[in-house]
Amino acid sequence: MTTPDTLVEVEHLCYAYPSRRSLIGPKPAAALAVDDVSFSIGRGEIVALVGESGSGKSTIGRLLLAMLRPDSGQVRFEGQDVHALGHRASRAHRHNYQMVFQDPYSSLNPRLRVGDAVAEALAITSDLPAADRREVAESLLRRVRLDEEIYDRLPSELSGGQRQRVGIARALAARPKLIVADEALASLDVSIQAQVAQVLRDLNEQEGLSMLFITHDLAMARRLASRIVVLNRGRIVEAGATGDVIRAPKDPYTRALIEAVPIADPLRARAKQRERVERLRGQFAAEPHPTTDERTTS
Amino acid sequence: MNRTSAPRTEFVRLPRSSSQPGFLALYWANGAARFGLITLLVILLLVLIGPLFVPFTPEQIDLSLKNQAPSLVHLMGTDELGRDVFARVLDGGRLTILVALIAVGVAITVGVVVGAIAGYFGGWVDNVLMRIADVFYSMPSLFVVILLVALIGPGFASIILAISAFSWMTTARLLRASILSLKKSDFVQAARGLGATDLRLIAAHILPNALAPIFVAATLGIAAAVLTESALSFLGLGFQAPQATWGGLLEEAQRAVISGGQWWRGFFPGVMIFLVILSVNFIGEGLNKAILGRKEHGE
Amino acid sequence: MSTPILEIDRLSIGFAAQNRVLVNEVSLSVQPGSATALVGESGSGKTLSMLAVMGLLPAGISVLSGDVRLDGASLLDLPPKARRRKNGSDIALIPQDAMAALNPTLDVQTQFELVLRTHLRLGGAAAKARTIELLDQVGIPSPTSRLRSYPHEFSGGQRQRVMIALALSCGPKLLIADEPTTALDVTIQQQILDLVARLREELDMTVLWITHDLGVVAGLADRVAVLRHGRLVESGTAEQIFYHPEHPYTRQLLAATPTLFDVEPGTGA
C-alpha cells in the first residue's frame, strides 16, 4: 500500500496518557487519547485533522513528530517507522518534519533575535558555513513574506502574525518534507489568519510542501486542505475529500461542526439562529434541561 | 469589587516597542534600588582606591597615637596600637567583599550545574541531587561552617569553601524549577524538533531564560556571605591578625568599646557591614521588581 | 429612537505622559435594546474603548478627550466609587475566559451572594433564590444541586453560562460581551452565543459585542462598528456592513472571514 506518492502513513495508532496511580484500589483504566487512528498524507498534500479539545488531534501531531511514543500502531515516514529509530538516528531524522505551534507568544525564544532563531535552525540542520547563514535566513524570512529588516528584532517587538511567520520560517530552515501546523492560526485575529494561511498555501502550491493542518476550524480547513479527517474523542469519525465531507457529511458530529461555523451573512445567520433558539425553546418547554448535550469535562 | 466586572488586565497587550520602559529605566525608577546601587558603588570605590589617599597603611603602628578618637587626621580614630582605623576598615572591606564575591561565585556555579542537571534530566538524577540539597538545607549552617573551619584551619580557601558549601542550594532549586517549566515550552520543543543536542538546548535556550532569578539570588547571596565571613572573623575563625576584615575589626573592638568607651572602634566597621547588606538587599529587590515589571508587559 | 443608552463621544485614549494616542476620536452610540458589535483586530482600540466604558483603563493610560455617557449622564465625571458601583449593576461584562474571571476558591453560591449583596443588598434566602433562578435562566441543569460547586467542577461551556448568569444578576442595562467564546470549543461557542441572543430578547437588554471576528456577529448584531488603529473605520447596520461595505478595510475583513460556502460574503451584492 506504500506508493511513492505517500509521504506519511499512520496505522492503527493508539495512545493513552499515563494515568495517575491511585493510592487505593486498582489502577484506573486509562482513557485512550488516540484510539486506533489510521490515515495517510500524500506528497504535496494538505490534510486537515479537525476536532475539538479532547479529540486527540494534538496528540496525533505529537506522535507523528516522534515527540510522543505510541502505545501501539505505527507512523511511517517515507516507509521508515519514526519510532523505531535510535536516539541519534531520530535526531538526525527530525528535520524532515517540522512543527508550527499554536501560541506565537511561547514558540520563540524571548532572548533570541528572530533572525538568529532562523539561523540557529540552519546551524542545526545544515552544513551551511556560519558566514552564509544570515543571508539564507533572510531569504527564508522573505519566503514567509516578512521584511528582512525584522532579522534583528526580538520576538517581543513583533505582532502575533509576524511571530507565527517567523515560526514557519524557522521550520522551513530545516528543509522539511512535512509541516505539522497545530492550531497555528487559532490565536490570531481573523484578518491575520488569512494572511498566514496564504503563506502556508503558497508553500504548498509553489514548493509542494506537505502539511498536516490540525484545527478546530472547519472553514479554515476547507480553505487549505484537500482532505479532511474528523476526530471525536480520539477516534476518526469521518474522513474524505474536503468537498465531500463538507457538502455531504455522514457523521452527526461532523454535521454539528459544520453547523457551528458562523455565517457571515446577517439575514441567513439570523434566520438560522432564530431556528435554533426556537428549537431550544421547544426543548426547554418539554424538558427543563436543555444542556445535556454539553460534555462535562470536570 | 465583584467578579462580574473584573476583567483580566493582561489581555490588554500594549504596543511595546516605544512605550515600554527598558529594564534599566524600570530599575532606576525604584528609589531604594537607586540608593542601593549608588551606596554600593561608593563603598567599592572607597575600598579599592581609597587607600591611595590615606597617608597610613593598615598595619602601621604608632604607639604615641593610640586610642585616639576620630579627627581630621584619623577619620575613624586609631586603635590600641595607634593604627589608623580608617585604613584598616578600607583594607578589611576589600578582603570581606572579595571573599563574599568569590564565595558567591563558587556557590552560583555549583548551584547552576546541579540545578541544570537536576531540572533537565529529571528522574532519579533529579531525586538524588535534590535530596542532597535538602540535607544541606537542614544542617544548622553557621554551626557546621564553624566546625569546618575549625577542622581544616582558617585560611582564604577554607573560608570560601565553608561559605559556598551552604549557599548553592537556593540557586540549584530556583534554576531547577524554571528549567522544569522551560523544558516543556514550545520554543524548546521546536529546537528539539530541529534535532538540537541536549547541550545546545540547555546552553542556548533554557539557561538564558532561567538566569534572571539567579542574578537576584546571587545578589542577595553576597549579603549573606558578608555576614557569614564577618561572623567567622568575629569568632576568631576568619583571617588572622594582623590582617583586618570587618568582622575581625569588630572582634578586636569588643573590649575597647565595652571597657574603654572607644565607640569608633566598633561603630565604623559595623556601619560598613550594615550599609553593604542593606544596599545589596535593595539592589536584589530592585532587580527582582524590574524583571517582574518587564514580564508583566508581555515579554 | 430615544436617547442612546451608551454614547461614546469623540473618545480619545492614550498615554497622557507621552502624548501618545491609542484610540482617536471614536464615537459610537448604542440604542436601548439593540445589539451593537465593535469589531477590530488587536491594537484596534476595541478593548481599550471597552475598558474606558468600564473605567478600568490600565495604569498610565487615560481618557485624553471626549466623553462616555450612560443614559445621558457622563461616566467620566463620576467619582471613582460611584463609577465602580455602575459596574456589575448598570454595566455588566461577560469576559473572554470565565475560568480566570471566576474566583476558583469560592463556590458558585458565595460568588453570587457577594454580587447580590453589594449591588442589590440581597442576603441569605433571597440571594439563594435569585441565584437558582439565574442559573436556571442560563440553562444550568438542576441548579439547586450546583450551588455548592466550584468553578473547576463545571465544563467550559457551563462555566461561561455561570459567568453570564453572574453578569445578569443585577439586571444590567448594558451587557458587554468581550469575545465570550474564544476559550470554548466551536460546538459550545454557538450554544453560548445563542444563549446571549435569547436572553437579550427575553430580558430586553442592550448588548455590546466586542470581537475580532466579523463572521461571528453577523447574526448577533443589528449595528456594526469597525475599528482600526484606534480609529473608527466604518459603522452602520449589519446589512450595510455585510452587504454594502464602503471602506476597503471592511471589505478586507469580510474577505478574511473563513466560510463554508462558495459565495464569498461582502464581494457580491
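Two residues are taken to be in contact when their C-beta atoms, placed from the backbone, lie within 7 Å. On this basis, in the predicted model described here, Trp209(C) touches Ala35(C), Ala37(C), Leu38(C), Ala177(C), Val217(C), Leu220(C) and Ala221(C), residues up to four places away in sequence being left out of the list. In soluble globular proteins, nonpolar side chains tend to be buried together.

Chain C as a whole comprises 11 helices and 10 strands, and its C-alpha atoms fill a box of roughly 55 × 50 × 35 Å along the principal axes. The radius of gyration of chain C is 19 Å, which agrees with the value near 18 Å that would apply to a compact globule of 269 residues. Of the 269 residues of this chain, 53% count as buried, and among the contacts in chain C with a separation of 6 or more, 65% are accounted for by residues 24 or more positions apart.

Between chains C and A, 40 residues of chain C are in contact with 42 residues of chain A. On the chain C side, the elements that give two or more residues are α7 (156-168), α8 (186-203), α9 (214-217), α10 (238-243) and α11 (248-256) of chain C, and of these α8(C) gives the most, with nine residues. Classed by residue type, the side of chain C that touches chain A has 16 nonpolar, 17 polar and seven charged residues.

Within chain B, helix α3 (residues 85-121) and helix α11 (residues 246-258) pack with their axes 7 Å apart and at an angle of about 135°; since angles over 145 degrees would be needed for a roughly antiparallel arrangement and 65 to 115 for a roughly perpendicular one, α3(B) and α11(B) are therefore oblique to each other. The contact is made by Arg88(B), Val89(B), Gly92(B), Gly93(B) and Thr96(B) of α3(B) on one side, and by Trp246(B), Gly248(B) and Leu249(B) of α11(B) on the other. These contact residues divide into three nonpolar, four polar and one charged.

Elsewhere in chain B, Arg131(B) is found in helix α4 (residues 123-138). Because a residue with 12 or fewer C-beta neighbours within 10 Å is classed as exposed, Arg131(B), with 9 such neighbours, counts as exposed. The C-alpha atom of Arg131(B) is separated by 38 Å from that of Ala244(B), which lies 113 residues apart from Arg131(B) along the chain.

Definitions and conventions:
Residues numbered from 1 in each chain as written. Chains lettered and ligands numbered in written order. Predicted model: local features only at pLDDT ≥ 70, side-chain atom pairs only at ≥ 80, totals over all residues. Helix = DSSP H or I, 4+ residues; strand = E, 2+ residues; numbered from the N terminus. Nonpolar A, V, L, I, M, F, W, Y, C, P; charged D, E, K, R; others polar. Axes fitted to C-alpha atoms, helices over the stretch in contact; angles between N-to-C directions. Parallel < 35°, antiparallel > 145°, perpendicular 65-115°, else oblique. Buried ≥ 20, exposed ≤ 12 C-beta atoms within 10 Å, placed from the backbone. Rg over C-alpha atoms; globule rule 2.2 N^0.38 Å.
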